[in-house]
Amino acid sequence: MAITSAILFLIFIIFIVAIITSCIKIVPQAHTYVVERLGTYQATWSAGLHIKVPFIDRVARKVTLKEQVVDFAPQPVITKDNVTMRIDTVVFFQITDPKLFVYGVENPIMAIENLTATTLRNIIGDLELDETLTSRETINTKMRATLDEATDPWGIKVNRVELKNIIPPSAIQDAMEKQMKAERERREQILIAEGEKKSAILRAEGHKESVILEAEADKQAAILKAEAAKEAKIREAEGEAQAILNIQQANADGLRFIKEVAADDSVIKLKSLEAFGRAADGKATKIIIPSEIQGLAGMVKSLTEVAVDDVDHK
């Protein structure tokens with residue numbers, strides 16, 4: 001009997017410990033627990049240690065406060081010009097109010113998906129195909145603003161919306177590929193034409209530069225040749241001037257010498273006669289001699305004969 005009582009007491013102690021342990025809750029970081037008491041909202045526990053009342057309180061929902069990403073399947077949409085395409089979106093959202101998130105909507109993720117699809121159809125319906133393909137940023141901004149406003153009563157904040165893929169019909173894809181191919185070929189032809197044009201311009205400029213350089217070289221050669229001829233003439237003229245200057249200097253020296261020795265008229269006339277004698281040595285056929293020099297010549301001849309007779313007598 002005593003053993004049975006001990007076992008029952010041990011079971012009771014274990015049951016009490018289990019109850020106490022189940023009432024102690026530790027909420028991790030970036031998480032919250034929504035607690036209900038007797039089926040009604042009681043509190044929202046943030047990160048840390050919490051104790052609930054056994055059998056009365058219960059954790060209704062564990063909510064994460066981290067930013068979450070939901071990738072929705074492609075949705076069919078129709079553009080303003082009646083082109084049907086499929087677009088899939090990616091929504092980045094974060095729970096800001098756990099109570100509203102738990103009690104605001106039955107299935108928040110499904111609600112966001114349906115809201116995203118309807119919003120996307122409304123926006124794309126106002127755009128044509130080309131605008132849809134080139135206005136991703138505009139579409140993302142409009143969708144984020146609409147979804148963020150619509151999800152506020154659910155305690156959800158939409159941070160970002162991205163169009164992941166835009167899938168047009170196959171016929172449109174073929175037409176776009178042909179258009180892109182034609183555009184690339186057109187750009188290729190333009191680049192080839194521009195290259196040939198630049199090449200022709202460079203060749204013409206090269207020929208022009210060559211002609212200019214050749215003309216400048218000829219001009220420089222002519223200038224150098226003219227300068228050389230000019231220098232030769234200058235040197236020749238300087239030589240003739242120097243020769244004339246030397247002759248004049250010699251004449252001046254001779255006259256000065258005659259003056260220094262005080263030569264009389266006979267010596268001067270005799271020098272003149274010698275000058276005429278040197279002139280006669282040339283090719284002249286007729287020489288006119290002044291009368292004074294003729295007299296002096298006779299006197300010189302007489303003196304010469306007297307000198308010869310003296311020699312003979314001796």
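Trp 154 is placed in the loop between helix 5 and strand 9 (156–167); helices (H or I, at least four residues) and strands (E, at least two) are DSSP runs, numbered from the N terminus. The model is predicted, so local features need pLDDT of at least 70 and side-chain atom pairs count only at pLDDT 80 or more, while totals for chains, interfaces and linings use all residues. Residues are numbered from 1 along each chain as its sequence is written, and side-chain values use heavy atoms, with hydrogens and water left out.

**Trp 154**

- Trp 154 has a relative accessible area of 17% and is therefore buried (buried means under 20% relative accessible area, exposed over 50%, partly exposed in between, with a 1.4 Å probe and protein chains only).
- Not counting residues up to four places away in sequence, Trp 154 touches Asp 97, Leu 100, Phe 101, Gly 104, Val 105, Ala 111 and Ile 112 (contact means heavy atoms within 4.5 Å).
- Trp 154 and Glu 106 are 48 residues apart along the chain, and their C-alpha atoms are separated by 9.8 Å.

**Helix 3 and helix 5**

- Helix 3 (residues 108–124) packs with helix 5 (residues 136–151) at an angle of about 135°, and their axes are 10 Å apart (axes are lines fitted to C-alpha atoms, for helices over the stretch in contact, and angles run from 0 to 180 degrees between N-to-C directions).
- Helix 3 is therefore oblique to helix 5 (under 35 degrees counts as roughly parallel, over 145 as roughly antiparallel, 65 to 115 as roughly perpendicular and the rest as oblique).
- Residues of helix 3 that meet helix 5 include Ile 112, Leu 115 and Ile 123, and those of helix 5 include Ile 139, Lys 142 and Met 143.

**Ile 123**

- Ile 123, in helix 3, counts as buried at 11% relative accessibility.
- Leaving aside neighbours within four places in sequence, Ile 123 is in contact with Ile 139, Lys 142 and Met 143.
- Ile 123 and Ile 139 are 16 residues apart in sequence and 7.0 Å apart in space, C-alpha to C-alpha.

**The aromatic pair**

- One aromatic pair is found in a search of the whole structure (rings of Phe, Tyr and Trp, its six-membered ring, pair if their centres lie within 6.5 Å; planes under 30 degrees apart count as stacked, over 60 as edge-to-face and the rest as tilted).
- The ring centres of Tyr 41 and Tyr 103 are 6.0 Å apart and the planes stand at 85°, so the pair is edge-to-face.
- Because Tyr 41 lies in strand 3 (residues 40–45) and Tyr 103 in helix 2 (residues 98–104), the pair ties together parts that are 62 residues apart in sequence.
- Tyr 41 is partly exposed, with a relative accessible area of 29%, and Tyr 103 counts as partly exposed at 39% relative accessibility.
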